[in-house]
Structure formats: C-alpha cells, structure tokens
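Student: I would like to learn how to read this model. Please take me through its features one at a time.

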Amino acid sequence: MLKDFFLNEVKNAISKAIADNKLGQMGENDSYNLMIEKPKNPDFGDFAVNVSSLARVAKMAPPMIANTIVENISKENYSVSVVGGFINFKIENSLLANAIAEIIEKGENYGKPEGVATEKILLEYVSANPTGPFHIGHGRWAAMGSALANLLKFYGHEVYQEFYINDAGSQIQKLGNSLKIRVKQELGENIDFPTDEIERKNYYPGDYLIPVAKKFLENHKEVKSAQDVDAIDLRVYCDFAKAEMEACQKALLEDFRVHFDRFYSELDLHNSGKVEESYKELMSKSMLYEQDGAMWFKSSEFGDDQDRVIKKADGSNTYLTADIAYHIDKLRRGYDRLINIWGADHHGYVARVKASIEALGYDPNKLEVLLGQLVNLVINGEEVRMGKRKNMVTLDDLIEEVGIDATRYWMEMRNIDMTLDFDIELAKRSTDENPVFYVQYAYARVCSILRNAISEKLNPETGEKSPAPMSESEIDDLIKNFNKNLILKTADTAKSLILKLEEFKSVIVLSAQNRTVYTICRYVQELAAEFHSFYNSNRVICDDKDLMKSRLALMVAIKTTLKNALDILAVSAPERM
RNA sequence: GCGCUUGUAGCCCAGUUGGAUAGAGCGUUUGGCUACGAACCAAAAGGUCGGGGGUUCGAAUCCCUCCAAGCGCACCA
C-alpha cells in the first residue's frame, strides 16, 4: 500500500537520523505515533506525514524534525516537500502505473491483504426466535452480518457463520397455542385471541399463522373439529409451527444473500446435556450459590454489575444458562474469536456472558460483541416506531417494496451504533438521493464503455457502420500482457482516480480490523464519484489508440475494484441498468 | 436513579489512535449534452462540532459537569 510505503520511508529515515544522533534527545527506544493522510490541499502533495508528535520527545521544533527526516529519505519515484511539521510526498506516475498493474494482475483478488495475521472466527448474528417472520430490524443484522462475514473472509480470516435458534423457551408454547387457535378458526370455529392485553401476551396474534394452519389441516386430514384439535398434544402444534417458521426464515435469508453455515438449535443444546454440563462446571468451580430457592452465578466477581439467576426456584434454567453453555461450546469448537452481532436492547447481556466465559477459565476477550442500534421505519416522512408487533413491517415486505440491493445497501451504509432511519420512499427512488443507484450506475457505465470499445458503431443518419475501435483479442491482450508504460499516458488526468483505486487496499484492512461495513459503502461511493468525474472530462474511446488503450486499462481496473467491493456488500454489480 | 449508544451545515451522515482552512451526499442557487449512458459533472452559498469548564504547543476527538434523544436495568426469551 502506498500509505504504508511512505510511512515506512519515514520510519526508516527516523531510525537513520537517530543513529546519526541528529534527532535531538530522541533515542531508538522512544516510541512515537505517525499519521499518514491525504493533504486537504492537493497542491501540497498526494500523501502527508505529520511529524509534530515527535517534537515533545526530540525537543526540537517540528519543521526542523521534518527537514532532518527528509535528508534521510531516498526520494525514489516521488518528491518531497516540508511545510511546518508536515512532510508532503508527491508521487511520480510510475507508482500510479504500478497500482493499476497490480489491480489488473490480481483481478478478483485485488484488495486482499498479504502477510496479515488471520484467525478462525465464528460470527453469530440474527439469531431470532422461530416464532414469526423477520422484521426490518432483523434485516439490518442479516445484511450487516453477512457483509461483515464477506469482508472478514476477503481479508483472509476463516469465517464460520452461525444462527442460534431460540427454540427452547416458553415462546414456543405461545406459538403452538396460537396455531391451535388458527386451526380452529380454519375449521369454522368462532374463536379468537383474547382481547385482554395481558392474556393476549401469551399468543402471537399476527395473521402469518393462518397459512400455517391451512397447511396443518392439509397434513392432518383426520382433524375435523375443535374436539379433534384439542385431542392432539400441544407439542405437535409447537413443532409444526416452529418448523414452518424456520423454513420461512431460512428461505428469506437465502434470498437476501445471507448464508449460514449452521443453524444451532437451543433445544438441541439442552438435549445434548451441554447446558447441564456447564451448570455443573460452574458449580464445581464454586461459582454458584443458593438464595431464595434459586441458584445464582457470581457474575459480579467478573465485572457484571450484579449476580444472575441461573436456575430458577422451580428448577428450570434461565435463558442465560443456555447462552453460557452455547458460548462455551463455541469456544470448545476451537475458534480463535467469537463475534456476535446483538441488538442494543441486549447490551446488558454482554457483561454476564463474558463473566461466565472467564469463570469457566476461558479468555473473555475472545468474545467480541457488536451492539447494533435499532431500525426505525420512515414512511411519508413520519417515523414509525417498531416493536410491540403493531405496525410491524416484515423484512419480506420491505424487500418486495424496495428490492434486495437497495435494502441491503441501506442497511449496510450506516455505522452500527447509529440508529437507522429507513426511509422506504428514499430507498425506492432511483435518483441522486439514492447512493445504491449512483454506484451501480458507475459500474454499468464502465461496462458500457468496455462494450462500446469492441462494438462496431452505427451512424443513425447515414446507416453506415464503422468498425469497432478495438477487437476483443486486443482487449484480452491488454489485460494479459499488461504494459505499465501504457498507463503513463493517462496518469496525469487520472491521478486522483488511480489513488482512490489504490486506497481500496487500506480500506479493506481498516474495515476488517474495525469490523465496519459502512466504510466499504463510503469507499464505493467515493470511487464512483471519482470515476464519474473522470468520465465527464476525459473520453475513453478516442482516436489516439495508445491513449484509448491506456484508459481502457483504467476502466478494467475500476470495474475490478468496484466489483470486488460490491461483492463484499453482496449488492449486485449490473452490467446494464 | 444506574448503565450502554447518540448529539457535527436546512436534512442525512463522515471525520482513522488529538494535528494543515472541520468534510461528502441530499436540498438551495448557477452553469454544462449534435461525442463513450445527464440515473452524470462543475461551481457557489451554508458551521458557536448540544452547553459550560478543564488537560496542552494544539481538542469535533481525551477528562469533568450539565442538557437532550434512543435502548436497557427479570427467577421473560
């Protein structure tokens, strides 16, 4: 990366200067922090390193330090100037040509860092109850989680994606009871969900169970009356509804380009004995005590603000008990790192799960929880509060309304700790207000140019055909036997565009390390903007054949980079729109 | 009351571990197609970085305090 390159040049120069005893009181063991950035004013240069931070240690004025460093710098392929405490680098076109050569050579692998430490990561996200359709909030975790998985894989990590199914609690009974009512309704029975608000909380009154009830009756032809319905064990309804809901959820996730390697059932976890096992382990480590008939986990000894019940007075487990077992199980499966995406409404859970990990002798820092703020829906400029099942807009509805690409992009483009206002009207619009189309348009435009370069042109007035500016084999040759010198022809006008292409590598590294997806969105928009700007002032297909080749190579590089970035976001890169 | 997150241009958001004149987009105003897709580009206007203290050569960024918004604070899942 060019950033790292210049940073290293400066670091080496500093070491040299220290060795020659020219950096005041600075010794080789003194630590320092250097920043490399893009100068706000392009006249200064292409990259800048601020050495002011050395002033305190060296006891020298920043400009003096900068000049001393510059004396020890090689200045090969670039020029240097000093302004105040800044060392400004102006790169020569050969470096730009190298950047394009790298993209063309690496293709779909362009942007993958080399020589970075990688881990075996288990990424858990969505993890919804199988009691109903996804709402738009789940959509945010699904889009973000899958994009993060793509990003981390691209970075080089080994990523395993998991969905924890909360299928063991009382909510499944609620689901079964609700289905029972729907089945009776299908049989013509005059019955409805309780109107009393408290009673009603024991049911899922959403109408999504109506088709499930129909299907249930198709599969159970023997059921003909309310008596028949009651004669069947509740368990049957629970299992049936659960299976249906899970199937719906899985289908939707696949459509939404979200792929889990495993759906981990909480029920299976209980049945495997692992929950009981970790309970006993906590017990044997004296991490539990009895109070008011319940068993408590001493989580406050590990940073939680209070102790937590782990076995209720009635002998049943709490949700936390299973969650502890689940996380221990993940660690035992041999992952270097566990990353969870949780809604901000679960933030209170982080401390207690980490406490349990530590109590059982594992490193709590292996668990990283990304807390995501919730999603508000905006319809006609009005914020619609989510939650409480009223006004619930399902993810299905949203996707149908605005499409997969736009839905994904809008879910991905915001920092996870910002509350997301999802404006349906805006996301649907294919105008300047919608960044998805802006980016996709850039891609389609690049593809269009590459198509035109090898198509014969029809003059609409004369009806005459003129031959294609380039042949397909010439384009192939351009890519396969790429000649760096070619790019020099266009380097001057395309400088900021090429630098933006080169930046992709740093964007990947930073985004992966910070676990941010929105930074990829920002990058892709910036790159699109650079391209559009270049497009408006430079013709790619032109009479000067070498210049045309040079710019076509640039187009290939843009196409490659945009595609690689969009693939991470799992947003489609259309060749035409 | 306690905890987590947020507060930056009319709107929506960036701002890397403290560093050059606080930046994009939308909206507004003005300009640009008989040339590769105008779903585009160029330019201008627009700021007390929620308020107030502090730390230092330097703060949107770190510390304290106050204000406002969202979300939590279960022997529910």
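Student: Which of the 61 residues around RNA strand B come nearest?

Tutor: First, how the model is to be read. This is a predicted model, in which local features need pLDDT of at least 70, side-chain atom pairs count only at pLDDT 80 or more, and totals for chains, interfaces and linings use all residues. Residues are numbered from 1 along each chain as its sequence is written, chains are lettered from A and ligands numbered from 1 in the order in which they are written, and side-chain values use heavy atoms, with hydrogens and water left out. A residue is near a strand if one of its heavy atoms lies within 4 Å of it. Here, Lys312, His347, Tyr438, Arg445 and Asn452 come nearest to RNA strand B. Of the RNA atoms that come within 4 Å of the protein, 61% belong to sugar and phosphate.

Student: How confident is the predictor in chain A?

Tutor: Confidence in each residue is given as pLDDT, from 0 to 100. Chain A has a mean pLDDT of 91, and 98% of its residues reach 70 or more. The model has an ipTM of 0.95 and a pTM of 0.95.

Student: Which polar side-chain atoms lie by a phosphate oxygen of RNA strand B?

Tutor: A polar contact is a pair of N or O atoms within 3.5 Å; within protein, one must be able to donate a hydrogen and the other to accept it, and residues adjacent in sequence count only if both atoms are side-chain atoms. Arginine 445 has a polar side-chain atom 2.3 Å from a phosphate oxygen of the RNA, and for serine 533 the distance is 3.1 Å.

Student: Which element gives the largest share of the surface near RNA strand B?

Tutor: Helices (H or I, at least four residues) and strands (E, at least two) are DSSP runs, numbered from the N terminus. The largest share, seven residues, comes from α18.

Student: Where does aspartate 46 lie, and what does it touch?

Tutor: Aspartate 46 is in the loop between β1 and β2. Buried means under 20% relative accessible area, exposed over 50%, and partly exposed in between (1.4 Å probe, protein chains only). Aspartate 46 counts as buried because its relative accessibility is 9%. Contact means heavy atoms within 4.5 Å. Leaving aside neighbours within four places in sequence, the contacts of aspartate 46 include Phe89, Ile91, Lys495 and Leu499. Its side chain has a polar atom 2.8 Å from the backbone nitrogen of isoleucine 91, and a polar contact of 3.1 Å joins it to the side chain of lysine 495.

Student: Is serine 178 buried or exposed?

Tutor: Serine 178, in helix α6, counts as buried because its relative accessibility is 0%. Beyond neighbours within four places in sequence, it is in contact with Phe193, Tyr203, Tyr204 and Leu209. A polar atom of the serine 178 side chain lies 2.8 Å from the backbone nitrogen of tyrosine 204.

Student: Which residues touch the most other members of the largest nonpolar core?

Tutor: A nonpolar core is a set of buried Ala, Val, Leu, Ile, Met, Phe, Trp, Tyr and Cys residues joined through side-chain atoms within 4.5 Å. In the largest one, of 135 residues, they are Ile69, Ile100, Phe422 and Leu552. Helix α23 (residues 545-569) gives the most to this core, 13 residues.
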